[in-house]
Amino acid sequence: MKFSLDIKGTIAPFSAVGKLFEHPKTICYPSEKKAEVEGYRGFHTNLLATCIGCANCQDVCMNDAIDMITIEDEQNPKNGSACIPRIDYGRCCWCSLCTDVYPPNSLKLESESIWANANSNNFLYMPKDR
Ligand code: SF4
Ligand code: SF4
């Protein structure tokens, strides 16, 4: 029986020691967060002072991710329906069509995007001013 030593295979695991001195490729979330990227599509915000409850955002949403919900504390006298949009983040694909419809400057997307919750009802999100 011939014995052969696999030098390369024996030494290879020790190369992992060098990784201990490399700068980590990951971040220590949540104490450390990723830098914001301009134009990133995160959560919706809705400037209630300009939202007129027209439901154009609901009509344009091809994923049926928007329901119009009646609110008690109406902040805009021009909101005739007294309704504002609620987003279902189980359906939204962040296409941003709802932020492009008229009237502008009400519904927007902000860069904040991280949300974890065990209750699926908590993914029905009522965007308000931020
Ligand atoms: S967010 Fe904009 S499109 Fe949607 S109901 Fe309000 S004003 Fe209309
Ligand atoms: S971003 Fe797109 S999918 Fe999400 S609510 Fe707006 S229109 Fe619907």
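A residue counts here as buried if 20 or more other C-beta atoms lie within 10 Å of its own, as exposed if 12 or fewer do, and as partly exposed in between, with C-beta atoms placed from the backbone. The model is a predicted one, so local features need pLDDT of at least 70 and side-chain atom pairs count only at pLDDT 80 or more, while totals for chains, interfaces and linings use all residues. Residues are numbered from 1 along each chain as its sequence is written, and chains are lettered from A and ligands numbered from 1 in the order in which they are written.

On that scale Asp64 comes out as exposed, because it has 10 C-beta neighbours inside 10 Å. Asp64 sits in the loop between helix H2 (56-60) and strand E2 (66-70); helices (H or I, at least four residues) and strands (E, at least two) are DSSP runs, numbered from the N terminus. Though not a glycine, Asp64 has a positive phi of about 50°. Ser96, not a glycine either, shows a positive phi of about 75°. Ser96 belongs to the loop between strand E3 (83-88) and strand E4 (107-109), and is partly exposed because 14 C-beta neighbours fall inside 10 Å.

Now for the ligands. A residue is near a molecule if its C-beta atom, placed from the backbone, lies within 6 Å of it. Around ligand 1 there are 13 residues, with Cys51, Cys54, Cys57, Ser106 and Leu107 coming nearest. Ligand 2 also has 13 residues around it, and Cys61, Ala65, Cys92, Cys95 and Cys98 come nearest.
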